[in-house]
Amino acid sequence: MPLTFYKNSDTLIAEQDQFEKDIAEFVNGDMDPVKFKAFRVAHGVYEQRQLDTYMIRIRCAAGGITPRQLRKVAELAAKYGSNEVHFTTRQEVQVHDVVIENVMNVIRGLNEVELSSRGGGGNTIRNILTSPDSGIAPNETFDVDPYAVALTTRMISEDDSWNLPRKFKIAMSNSKEDTAYTQATCLGFVAVEKDGQQGFEVYCAGGMGAKPMVGHQLLDFVPESKVYHVTKALKIMFDKHGNRRSKFSSRIKFLWKKLDREEFVSLFREEYDKIKDDESLNLSLETIPNGYQAADIPVEVVDSSDYDLWKTRYVFPQKQEGLVSIKIPLQLGDLLREDADSLCDFLEKMGENTIRCDRAQNMRLRNIPEKYLGNLYNVLSRLGMTLIDYAPFIGNMINCTGAQTCKLGICLPRGLSDAIRDRLEVSDLDLDSITDFRLNMSGCPNTCGMHHIANLGFFGKVGRVDGDMYPAYNVLAGATTGAGTTTYAVRQGDIPAHFIPDFTYDFLKVWIERKKDETYESYNHFLDEEGNVLIKELCAKYKVVPAFSEDPKFYTDFGAKARLSLDEIGTAECSAGLFDMIDVDKKSIKTNIKALNAGEGDEQDVLYNILFAASRMLLITRGLDVKDDVQAFKLFQKHFVTTNLVDSSYEDLVRLGEDQNKTVLPTHKDRILKLAEDVNALYSNMDDSLRFKTESGDVIEETAASEVIKVQEHDFRGVGCPMNFVKTKLVLATMQSSEHLKILLDDGEPIQNVPNSVQLEGHKVLSKTKVDAYWEVLIQKA
Amino acid sequence: MNFTEDQVERYSRHIILQDVGVEGQQKICDAKVLIVGTGGLGAPAALYLAAAGVGTLGIIDGDVVDMTNLQRQVIHHTPDVGKPKVLSAKEKIAEINPDVKVNAIQDLLMAHNALDIIKDYDFIIDGTDNFPAKFLVNDACVMAEKPFSHGGILRFDGQTMTYVPGTASYRCVFKEPPPPNAVPTCSQAGVFGAIAGMLGTIQAAEALKYIIGKGDLLTNRLLIFDALKMNFRTVNVKPNPERLKIDKLVDFDQAVCDIKKD
């Protein structure tokens, strides 16, 4: 059987059949785009910025893909997409520019090589990442790829993986060097050895994004056989306690923040202890062979200085003797179909386990016999679009796709990346002296370009002169990576996009000189002593943007066709789901009531619409998906009326709907409106875990209510009066009534003023506690 | 609510106010206000509305800055003489608060363009200096059901009232423009510069109160002051349904002496 990096679930084909029907319904205009979004994103299908154009994301567990599979993806990209395979920063591949009619062709085509886009997006277990050199690195603790592969197969076969509160990202590192960035992900495993036993140090609740948090150590050691148990326990706990109400604070990192270490760990342990001794749950691991697998082909000898330079730049030894791994730097992560074919022709002769995707949008080859390096070099030099002639620094630059395809993007980091490359290419800088430097760019505060772990990072923002917008970036620097020692890059300033190539040149020139002179012990030492100040000075030097009338180029982003505009920026694709669907019915109730009051439309139709929307609105919270009106009324009767979630006297009303008896509805107008009101009230009392307060009678109600209370915590120590009060008000404004807020205040003026001011606005101050030299104040929002 | 750190600081004194707060400031930042005329009244109104962070300010004026304006039209400075007033104002607004989007229209508000210009705004400030324009602003706002603040100054006196649909309009108080030349203009009679500031800032405050939806507006009330005696009083006025029926806009005759001779 051919090698694969995961096994698709038995239900996949049936799910695809359903998705095909959903697409047809959407194309015919019978399905709301919001509802469709929830379905398609779960199949890894994202809408691009161009109308009706989609991107399909394909799972590659452990970053692995075989030449046979890559060839197929390239073929599909050529036939139905942009003719390129795109390598992402999350070790997977994407096909871009697919029109809706071809989406199923791509998805079905992937089945032929056992690849799948299921779970490429949505609130589920996303692609599981590993160190790209796992299994071949000379200094690794052990190979983690088999764990990622087995865990993927298990997780995607479990029903409860598909409707988590939010996405769930897992990474595994083969050593403490942490090249999989386990502390920047929801759940991270770092290979360690303890008393001769192989196992993992476990981190969790990290994440980048607009609110970055560094992960915490959850367990200092678990035996290697417990990977599944840990993941399962965290998944169950996240499912139970994660915040489903706000998609902006639903990742595991926010749960940690809300609960604090002690409670988080104890909730985790509760689940973990239930299953940890069950050996039947152990993963069935299969080794992924790293070794000599090549057929005998004639050796091609190359003798040139370019070849020698390439070898020093891009060829790395493996722990398996006689074999090497090779990095192929891709331009912006794109591999042309023709290039993929030529490469696969060669790689298929070298074996199945020869490709990994890395996190810098590049390809890594492995298990290539050293004697065939000349053959490979000849193949690579004939490719149309790679960066093998550039210093590794260039290929290591990471950028997200930006506003060209992403609906959230502000700036175009792809264009910026090209501009930096063009600027540095003609410069006198010795880029080979900074091979490992990480320069990362994101088009917006979300972290697809991983700017938080950059040595020098940029993320997009909007600048303004006289109300005219121009593309600009925030500048960050100084991340550290490593298990237990991860810190994120710190923002140092901002700069107009068009000055960044010069800025980068100026900055790197100084760093390269200092590095040569060995002035500092590390890059971060350089930053502390000199670099951060240099960044600030350069930001000041490159601050002033000429008015639009003087130099319009500053107002058009690199690679953009028109002036910067925010008109088309949308909301995040990935978090579509439940609440968007509830909102569809909520809005329908509102507009129909408005029509009713204005006397617009046929009264019985309008009333029917309200009755229907009220009945359907909350079904999704019970995991019920309805196909037609009658079913909606039936399910509402069963799950809401007979259970007394709404008053049981509505029974006859709902039956009228079920019987499609519209003509009598006007005589029940007031009760229909009351039902809509009750359903809305029920929704506003729903807690984060989709439970309704009145669900289980009075006694439970009390516990349920106390569970509902969310406590946000903010540290306003060091913030003077009155800014501490201003910031408190800003947080309160985002909270729901009766939610709790804990703030930390300095002694003196702050504690004397802020609680009083908060009370004057009608909120309750529940407690003021002095801790050391500061105060903890607990506030309940009015 | 997506204030940047800079905005939180800039607007902190608003946010602290219970009646403004985070929500009110957000409303201000989302609001669109049109100021008709960037002279004595429009100048202070524009400055304060910009400082308050009104999201979009429309300014319309066909004039250029004249040396005689500088005594009271504080948004224009000596080097601006000869510059179109809307450009001069736009530059100052950007300096005060770069968050504000400015739509500068170098033109006169006339019967043919009035409805089209005001349609995009939430509130209109009448900062004009002549009766035909004041009645045009009134009529257009009543027709389009747009709230606006009327204001007028002469010598040491000022008067202002606020209209929102359903309340008394300027026309309910004053039926029609006086005959040309019956009432002297500022250029003939003179004006005490500081009262432009007094009245323009009252208008700005009314606009902001309307936006945040707090307090009592000067609706169905005409505020009159005499700065020489420093007396303020309000006169109650009533909506007159007949005078609230406007079906077309008219460009009334301008006083002869006000028409530019060049």
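## A sheet in chain A

In what order do the strands of the open sheet of 5 strands in chain A stand? The order is β1-β2-β4-β3-β12, and the pairing is antiparallel. This comes from a predicted model. Strands of a sheet pair through backbone hydrogen bonds, either parallel or antiparallel.

β1 (45-47) and β12 (334-336) of chain A stand at the edges. Each has a single partner strand, so one side of each is left without a neighbour in the sheet. Neighbouring strands of this sheet are turned by 30 degrees against each other on average, with direction ignored.

## Inside that sheet

Take strand β3 (residues 84-87) and strand β4 (residues 93-99) of chain A. They pair in the antiparallel sense over 3 bridges. Look at F87(A): its bridge partner in β4(A) is V93(A).

Helix α9 (residues 337-350) of chain A lies across β3 and β12 of chain A. Its angle to β12(A) is about 75 degrees.

## One residue: T53(A)

T53(A) belongs to strand β2 (residues 53-58) of chain A. Is T53(A) buried or partly exposed? A residue needs 20 or more other C-beta atoms within 10 Å to count as buried. T53(A) has 17, so T53(A) is partly exposed.

T53(A) touches Q48(A), D97(A) and V99(A), leaving out residues up to four places away in sequence. Now compare sequence with space. T53(A) and H96(A) are 43 residues apart in sequence, yet 8.3 Å apart in space, C-alpha to C-alpha.

## A strand with two faces

In a regular strand the side chains alternate between the two faces of the sheet.

Which strands pair with β23(A)? One is strand β21 (residues 740-746) of chain A, antiparallel over 7 bridges. Here L745(A) stands opposite W775(A). Another is strand β22 (residues 764-771) of chain A, again antiparallel and over 7 bridges. Here T769(A) has E776(A) as its bridge partner in β23(A).

β22(A) and β23(A) form a hairpin with 2 residues between the strands. In this hairpin, D772(A) takes a positive phi near 45 degrees.

## Chain B and two of its helices

Chain B has 10 helices and 8 strands. It holds 262 residues, and 43% of them count as buried. Consider the contacts in chain B with a separation of 6 or more: residues 24 or more positions apart account for 71% of them.

Now pick out helix α4 (residues 42-52) and helix α5 (residues 85-96) of chain B. Their axes come within 9 Å and cross at roughly 30 degrees. Angles under 35 degrees count as roughly parallel. α4(B) and α5(B) are therefore roughly parallel to each other. Their crossing is right-handed.

Which residues make the contact? From α4(B) come A46(B), L47(B), A50(B) and A51(B). From α5(B) come A89(B), I93(B) and I96(B). The residues of this contact divide into 7 nonpolar, no polar and no charged.

## Where the chains touch

How many residues does each chain give to the contact? Chain B gives 15 residues and chain A gives 14. On the side of chain B, the elements that give two or more residues are α1 (5-10), α2 (12-16), α3 (21-30) and β3 (101-105) of chain B. That side of chain B divides into 9 nonpolar, 3 polar and 3 charged residues.

Technical notes: Residues are numbered from 1 along each chain as its sequence is written. Chains are lettered from A and ligands numbered from 1 in the order in which they are written. This is a predicted model: local features need pLDDT of at least 70, side-chain atom pairs count only at pLDDT 80 or more; totals for chains, interfaces and linings use all residues. Two residues are in contact if their C-beta atoms, placed from the backbone, lie within 7 Å. Helices (H or I, at least four residues) and strands (E, at least two) are DSSP runs, numbered from the N terminus. Ala, Val, Leu, Ile, Met, Phe, Trp, Tyr, Cys and Pro count as nonpolar, Asp, Glu, Lys and Arg as charged, and the others, Gly among them, as polar. A residue is buried if 20 or more other C-beta atoms lie within 10 Å of its own, exposed if 12 or fewer, and partly exposed in between; C-beta atoms are placed from the backbone. Axes are lines fitted to C-alpha atoms, for helices over the stretch in contact, and angles run from 0 to 180 degrees between N-to-C directions. Angles under 35 degrees count as roughly parallel, over 145 as roughly antiparallel, 65 to 115 as roughly perpendicular and the rest as oblique. A crossing is left-handed if the near helix is turned anticlockwise from the far one by less than a right angle, and right-handed if clockwise. Two strands pair if DSSP finds at least two bridges between them.
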